[in-house]
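Please keep the sequence and the coordinates in view while I talk.

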Amino acid sequence: MRRSSWAALVAAVAAVGMFTMPATASASVLTRPLQVVQCTGTETTTYNPGVLFQAREIGLSTTGTFTSCLDATGQVTSGGYGEQFTLFVGCNDLLGAFTGQRTITWNTGDTSVITGSGSSTAIAGQVITTFTGTVTQGPFQGSSAVQTITLPQLNALKCLTTGITDATGITTLTLT
């Protein structure tokens, strides 16, 4: 190896070391992998009975599937969740703030519990919900979580008749 190539290699290794490990790093930092996960997928919500303009008790069933996940360890590639709950809502009243937990089951068989709060906004015929919290159990514990769900409300006229009974849209999840 020529001297200039060797010097370049040493400089590159030193530069990587400066950015990956501070001189005062503890042993726990050395063994803990970078906890970053980015997922994309879909969420489907069904409403029973259908949501009308007049608010009433509605049973919601939500199923989310993350079909593509990237994580720093390379082990998590997909995941999903499912929930059922009841709300008192109407077509004009779907945007209230909420708190709760979401349990994600990863392709590895492990589960992470995210505890947080969320809110929704209506923009151009879509309901965009943002859920922000912290992973309180399982893989990625201690990481911050942000999930965004965009559900188009294409059948708004149904608020006057049988009600909106389902919606499917995209979702993203980021853990840092």
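Let me begin with a term: by a salt bridge I mean a side-chain nitrogen of Lys or Arg within 4 Å of a carboxyl oxygen of Asp or Glu. What we have here is a predicted model, in which local features need pLDDT of at least 70 and side-chain atom pairs count only at pLDDT 80 or more, whereas totals for chains, interfaces and linings use all residues. Residues are numbered from 1 along each chain as its sequence is written, and side-chain values use heavy atoms, with hydrogens and water left out.

How many salt bridges does the structure hold? There are 2, and I will take them one after the other. In one of them the side chains of Arg102 and Glu83 come together at 2.8 Å, N to O. That pair links distant parts of the chain, with Arg102 in strand β4 (residues 98-106) and Glu83 in strand β3 (residues 79-89), 19 residues apart; strands here are DSSP runs of E, at least two residues long, numbered from the N terminus. Arg102 also meets Glu43 in a salt bridge, at 3.7 Å from N to O. Because Arg102 lies in strand β4 and Glu43 in strand β1, this pair ties together parts that are 59 residues apart in sequence.

Taking contact to mean heavy atoms within 4.5 Å, and leaving aside neighbours within four places in sequence, Gln147 touches several residues, among them Glu43, Arg102, Phe66 and Thr129.

Now the cysteines, where a disulfide is a pair of sulfur atoms within 2.5 Å. A search of the whole structure finds 2 of them. Cys39 and Cys69 form one, with their sulfur atoms 2.2 Å apart, and with 115 degrees about the S-S bond that link is right-handed. The pair connects strand β1, which holds Cys39, to strand β2, which holds Cys69, across 30 residues, and both cysteines are buried.

The other disulfide joins Cys91 to Cys159, S to S 1.9 Å, and it is left-handed because the torsion about its S-S bond is about -95 degrees. Since Cys91 sits in the loop between β3 and β4 and Cys159 in the loop between β7 and β8 (164-175), the pair ties together parts that are 68 residues apart in sequence. Cys91 is buried at 16% relative accessibility, as is Cys159 at 6%.

The C-alpha atoms of Leu52 and Thr165, 113 residues apart along the chain, are separated by 9.5 Å.

Notes. Helices (H or I, at least four residues) and strands (E, at least two) are DSSP runs, numbered from the N terminus. Buried means under 20% relative accessible area, exposed over 50%, partly exposed in between (1.4 Å probe, protein chains only).
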